[in-house]
Amino acid sequence: MKKWIKRILAALLILVLVCVLAFCGLYLGRFKTLASIRKVSAYEDGYNLYRMDIKYDYSLDDIIASGITNDQSMVDAIVKEALPLLPVSIKAPSFGCTAFTMQDTDGDIHMGRNYDFKDDTSAMLVYCTPKGGYKSVALAALNNISANTPDASTKQKLSALTAPFVCLDGMNEKGVSIAVLTLDSAPTRQSTGKPVISTTLAIRLVLDRAATTQEAVDLLKGYDMFASSGRDYHFYITDASGDGRVIEYDCDDPARGLVETKTEAVTNFFVMYKDKVLPNQKNGIYGHGRERYDAVLNVFQASAVHTNDTAWQALQAAAQDPNPQDITSNTQWSLNYNDTDLTVEIVLRRHWQDIFRYELNGNQIQQ
């Protein structure tokens, strides 16, 4: 064989080795993340609770800096960060729900959260320890990334790597908890020249960087909001001091200005316009779900003594059975975040007798 051919083959071999080593280096943390996926529950319907530890470094700033203009650009930015070089597609989610803040007799602050959505889904408990940020736990609906059984195929496992950026609620080590809930108004599209952030990326931003509710509000004020998936949303945020506020983008303001309102509870209507919202009906752009809001407050008002059980009574009072005609029906999970001792109790699809308890400090879960 001629020397020049040998040299070309040697150069190609070196190039291939360099590419393989670079790919392995890029994906080492991702491989470790995939290896951490565990199935926690075993329900016969096939929709279960899973857990994973995010062991790869991600840059939320890079995702935002990519320029989010629509759902596809948001998805592309997330996939590029979580799965560089690989062709994986996901869809943008929609979210229903109920959330509330409660202080128990021991002084612990709870954020209760029902995630309501008509389509059944598995849930992924996502543990993150970002560099320069706060460790956190959050839940992602695996149906939104076509990965309801992430232990069943490589494709679904790879899709699960996007979970940090599609979480619907969570709590960080500072005791800040956040949840997103859908509304009936036109999707928010702010355009003031600030960097653009989308719905679930806002949750990741708060979990990674906010130590109080006020810090969370200040962070969100630094961005233009893009409400993803063709729906509108608001956020409920609580911290270890019990500072519970709903963050809304005023549906009566053409500029969709951010408004923060202190409130004990929130469902799928604008709390800032709650006087325009009646129970058991749609109320135009102002939303619906007043009956669930009232049910939670009635539980709190029924007793002067609030315990951990009170939080669960409120969650059960606001839970919903399946209704294929109602996007905010069918409670998929119920969570009792304790912002004081940094634990979360988890129930899937109204299996009230099956409570999974997770400890953020030890990153451990048990039933």
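User: What does buried mean for a residue here?

Analyst: Buried means under 20% relative accessible area, taken with a 1.4 Å probe and protein chains only. This is a predicted model.

User: Which residues of helix 5 are buried?

Analyst: Thr199, Thr200, Leu201, Ala202, Ile203, Arg204, Leu205, Val206, Leu207 and Asp208. That makes 10 of the 11 residues of helix 5 (residues 199–209), so the helix is largely enclosed by the rest of the structure.

User: Which strands does helix 5 lie across?

Analyst: Helix 5 lies across strands 5, 6, 7 (167–172), 8 (177–183) and 11 (232–238), and runs at about 5° to strand 7.

User: How should I read the sheet that holds these strands?

Analyst: The order is 1-2-5-6-7-8-11-12-13, an open sheet of 9 strands with mixed pairing. Strand 1 (38–39) and strand 13 (258–262) are at the edges with a single partner strand each, so one side of each has no neighbour in the sheet. Within the sheet, strand 5 (residues 123–128) and strand 6 (residues 136–141) run antiparallel and are joined by 6 bridges. Leu125 stands opposite Leu139 in strand 6.

User: Which strands does helix 6 lie across?

Analyst: Helix 6 (residues 213–221) lies across strand 11, strand 12 (245–249) and strand 13, at about 10° to strand 12.

Key
Residues numbered from 1 in each chain as written. Predicted model: local features only at pLDDT ≥ 70, side-chain atom pairs only at ≥ 80, totals over all residues. Heavy atoms only, no water. Buried < 20%, exposed > 50% of the residue type's maximum accessible area, 1.4 Å probe, protein only. Helix = DSSP H or I, 4+ residues; strand = E, 2+ residues; numbered from the N terminus. Pairing = 2+ DSSP bridges. Contact = heavy atoms within 4.5 Å. Axes fitted to C-alpha atoms, helices over the stretch in contact; angles between N-to-C directions.
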